[in-house]
Amino acid sequence: MTFSATVLTLYPEMFPGPLGISLAGRALGEGKWALDTVQIRDFAIDKHRTVDDTPAGGGAGMVLRVDVLAAAVDHAVAAHPGCPVIAMTPRGRPLTQARVRELADGPGVIVLCGRFEGFDERIFEGRTIEEVSVGDIVLSGGEPAALMLLDACIRLLPGVMGAASSGTEESFENGLLEYPHYTRPQEWEGRTIPEVLRSGDHAKIAAWRKQQAEDHTRLRRPDLWERHKGARVQSASGARQETKDQGQ
Ligand code: SAH
């Protein structure tokens with residue numbers, strides 16, 4: 001099944017952009033995903049094709065009009081029923097690999113890109129829209145955020161990355177950062193590849209990698225580490241509960 005990506009934007013010419021190259025570009029050519037861009041301005045209702053207006057209450061910048069946004073969203077939803085609508089916004093829930101995987105397993109996604117000061121709040125009351133952020137940073141528009149979201153989904157689609165990797169060992173997939181990688185040359189500026197990786201002992205290598213992943217996560221991302229530990233405790237007590245239930 002083709003993963004359907006619909007992007008609502010004032011700058012459709014930004015797509016596929018980098019997604020037309022390399023892995024994602026090849027997959028697009030092969031029909032593993034499909035791209036539909038929707039020009040939000042086409043849904044303007046006045047003769048000047050206005051999409052924005054000054055913020056109620058005053059202040060800098062312009063705000064995207066709710067009536068125009070709603071018409072564009074309704075059009076996309078009618079064309080792609082079953083696809084979730086995601087608005088890119090720094091106020092949204094931070095994007096995670098878990099959510100990316102869910103999206104990649106589904107029929108596709110409709111992505112709403114903001115510009116200026118962002119969206120009239122009522123769009124989130126009047127339509128079912130998930131608000132997603134790609135980090136605690138402020139971009140000038142939602143388009144680079146949409147490219148990130150789509151890139152992360154596309155590489156997980158069946159057949160896109162090839163048999164070499166399903167991506168399941170990568171950073172975040174098990175709640176940890178990935179272990180470090182090395183390749184030839186064996187020695188570079190006096191630095192060598194860790195001995196264990198040349199031992200050929202797969203169990204020892206797996207144990208080393210697990211330890212490295214845990215150490216890196218603990219030191220670099222204490223937030224992820226706390227969550228990982230929490231999940232481990234929970235799944236251990238869940239397993240105990242199951243054993244008990246079976247015994248009854
Ligand atoms: N005034 C807003 C920022 C608007 S930036 C605020 O302070 O929250 C303009 C548009 O860029 C936003 O509507 C959104 O679509 C996009 N954008 C900016 N930063 C983003 C981020 N971290 N994640 C996702 N989208 C972002």
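Biologist: Which domains does the domain assignment of the chain give?
Modeller: This is a predicted model, where local features need pLDDT of at least 70, side-chain atom pairs count only at pLDDT 80 or more, and totals for chains, interfaces and linings use all residues. Residues are numbered from 1 along each chain as its sequence is written, and side-chain values use heavy atoms, with hydrogens and water left out. Domain bounds come from an automatic or database domain assignment. It gives domain 1 (3–154) and domain 2 (187–247).

Biologist: What distance separates the centres of domain 1 and domain 2?
Modeller: The centres are taken over C-alpha atoms. They are separated by 36 Å.

Biologist: How many residues surround the ligand?
Modeller: A residue is near a molecule if one of its heavy atoms lies within 4 Å of it. The closest are Met88, Gly114, Gly135, Ile137 and Leu139. The number of residues around the ligand is 19.

Biologist: Which residue has a polar backbone atom 2.6 Å from an oxygen atom of the ligand?
Modeller: A polar contact is a pair of N or O atoms within 3.5 Å. A nitrogen atom of the ligand is 2.8 Å from a polar backbone atom of isoleucine 137. For leucine 139, a ligand nitrogen is 3.0 Å from a polar backbone atom. The oxygen at 2.6 Å belongs with methionine 88.

Biologist: What share of the ligand's accessible area does the protein cover?
Modeller: Accessible areas come from the Shrake-Rupley method with a 1.4 Å probe. On its own, the ligand has 560 Å². The protein covers 84%.

Biologist: Which element gives the most to the shell around the ligand?
Modeller: Strands are DSSP runs of at least two residues, and helices (H or I) of at least four, numbered from the N terminus. Strand E5 (85–94) and strand E7 (130–133) give two or more residues each. With three residues, the top giver is E5.

Biologist: What is phi of arginine 49?
Modeller: Most residues other than glycine have a negative phi. Arginine 49 is in the loop between strand E2 (33–39) and strand E3 (52–53). Its phi is positive, near 55 degrees.

Technical notes: A polar contact is a pair of N or O atoms within 3.5 Å; within protein, one must be able to donate a hydrogen and the other to accept it, and residues adjacent in sequence count only if both atoms are side-chain atoms.
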